[in-house]
Amino acid sequence: MENVEKILILDFGSQYTQLIARKVREVGVFAEIHPFNIEKAKLEEINPKGIILSGGPSSVYSEGAPHPLFNVFELGIPVLGICYGLQLIAFTQNGQVDAAAKREYGKAIVNVVEDNPLLKGISNNAQMWMSHGDSLSKMPDGFETIANTENAPICAIANIEKKIYGVQFHPEVHHSLEGKKVLENFVRTICGCVDVWNAESFIDIAIQEIRDKVGMEKVICGLSGGVDSTVAAVLIHKAIGDQLHCIHIDSGLMRMNESSEIYDLFQKHFDMSIEVINGHETFYSGLAGVSDPELKRKAIGKAFIDLFDGATQGVDSAKWLAQGTLYPDVIESVSVKGPSATIKSHHNVGGLPEKMNLKLLEPFRELFKDEVREVGCMLGIPDWFVKRHPFPGPGLGIRILGEISEDKIEILQRADAIYLEEITKAGLYDEIWQAFAVLLPVKSVGVMGDERTYEFTCAVRAVTSTDGMTAEWYPMPYDVLEKISSRIINEIKGINRVVYDITSKPPGTIEWE
Ligand code: XMP
């Protein structure tokens, strides 16, 4: 994002760094994350209105602890250090950090002891979240204590004149009840940010950027039916109209009626042309006889690339490939922890842009998932579509365990549709991150009426999560489970047993394959 007021967050390895960016954006100011060892020239190019130093697992004195490459406190830019960031302030300004007499993890009651712009409006005895082993034992030069807790006499510090602040607690986490106000005070009052950054302003800026980048060239966009590619396509279409060519490949592994819903949304709702390619044959023949999950993924990826590549041959002078890449993927590849995205590396159909020699257009490289959803709503994409649960690229191919057949696909599509319908009717859909049915290659005996049955087992799964990296199994009410089970067994020939998956991630994964 150019020409936008920015807060720069330097990442020292905290698990909460992304949350800082999200919370700052929630107060309407754009924030971006860079590694702690950012070059000075890069920082100057970003030209931030303020800098936030994240927390981190290290101790400032330990060997190999992350330190910025230059003195960030001498730039004349306001700084807020959080936890490890606070300790860095002390370390560089002649203070002292020691292992705390009492470590603090969890809720702590913070008392404001000195009037100051950072904690203005925060109630006395505010509940904040702590997670630290080290703490300040000597004040850095030129600073004063502005808040304490029972166990940390120096819990927040300030050099009001130089606009440098440090807090031991984590204002970015949910359990810091007044944390958002602290961040708001920092970015608005101390850094003086006045712009309002939100979905609406993002759309205006992004449309201009897309036009400037693309000029008169054509853009190809693969529509998977997922939220990210859908919102990207609608946004890009708003920017460049018919220079955008959308292709949807119906793999035959989609949820029930999904391909026609996608077609209707684009063609009828948005009056955008979309080329739908029926790829059932290619996918099914590529999957014939394959039962290993990774080989299935490879077969599906190959069929997808072959069909997509073939379809784009007909699009003259296309120079760009639009993708719905999100900010967490971008950050993960540059974060202090190094590329921590290995768990998800198998999720993307690799090799597509290289093979097709196209430039990448990624309008959401700087957005979080919920921001993309907001942009989608603003662009008029219906709520039910924008709030859809994530769906894996290989689709039902990895939800039919073992070998796939057309019969099994139909059975699973119907079971999945009943499952989602019942969850929606019970008003639970939006509480759940992802819910789906899985068809197991296990047959068991049952009785229906006077008849003995010997049919497949269907597992139903529902999880809550914020990013899919970790997840909790969802405590589905018994009456809803009962309805789901009885409808699936009664209405679908081929399934005579339903089980509910109560595995969290870790140790499980969300998908079964
Ligand atoms: P797992 O099963 O790894 O899933 O816990 C985490 C999230 O990623 C989705 N997922 C995939 N998405 N291609 C994708 O595009 C894949 O091969 C794939 N495998 C899992 C999964 O649905 C969940 O949202």
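Which residues does methionine 476 touch, not counting residues up to four places away in sequence? Methionine 476 touches Tyr419, Ile423, Leu428, Ile432, Ala462, Leu481 and Tyr500, a contact being heavy atoms within 4.5 Å. The model is predicted: local features need pLDDT of at least 70 and side-chain atom pairs count only at pLDDT 80 or more, whereas totals for chains, interfaces and linings use all residues. Residues are numbered from 1 along each chain as its sequence is written, and side-chain values use heavy atoms, with hydrogens and water left out.

**Confidence**
- The protein has an average pLDDT of 92, and 95% of the residues score at least 70; pLDDT is the predictor's confidence in each residue, from 0 to 100.
- Over residues 338-350, pLDDT stays under 50, and the model has 16 contacts beyond four places in sequence for this stretch.
- Where pLDDT is low, the predicted coordinates should not be read in detail.

**Domains**
- The domain assignment gives domain 1 (6-190), domain 2 (199-386) and domain 3 (402-501), with bounds that come from an automatic or database domain assignment.
- The centres of domain 1 and domain 3, taken over C-alpha atoms, are separated by 47 Å.

**Nonpolar cores**
- The largest nonpolar core has 50 residues, and those with the most contacts inside it are Tyr419, Met476, Ile488 and Ile495.
- Helix H14 (residues 406-425) supplies the largest share of this core, eight residues.
- At least three residues of this core come from each of domain 2 (199-386) and domain 3 (402-501).
- A second, separate core of 44 residues includes Phe202, Ala232, Ile240 and Phe266.
- Such a core is a set of buried Ala, Val, Leu, Ile, Met, Phe, Trp, Tyr and Cys residues joined through side-chain atoms within 4.5 Å; buried means under 20% relative accessible area, exposed over 50%, and partly exposed in between (1.4 Å probe, protein chains only).

**Sheet and packed helix**
- Nine strands form an open sheet of mixed pairing, in the order S2-S1-S3-S4-S9-S8-S7-S5-S6; two strands pair if DSSP finds at least two bridges between them.
- Helices (H or I, at least four residues) and strands (E, at least two) are DSSP runs, numbered from the N terminus.
- Strands S2 (30-35) and S6 (126-138) stand at the edges with a single partner strand each, so one side of each is left without a neighbour in the sheet.
- Strands S3 (residues 50-53) and S4 (residues 79-82) run parallel and are joined by three bridges; isoleucine 52 stands opposite leucine 80 in S4.
- Helix H1 (residues 17-26) packs on the sheet, touching strand S1 (6-11), S2, S3 and S4, and its direction makes about 160 degrees with that of S2; axes are lines fitted to C-alpha atoms, for helices over the stretch in contact, and angles run from 0 to 180 degrees between N-to-C directions.
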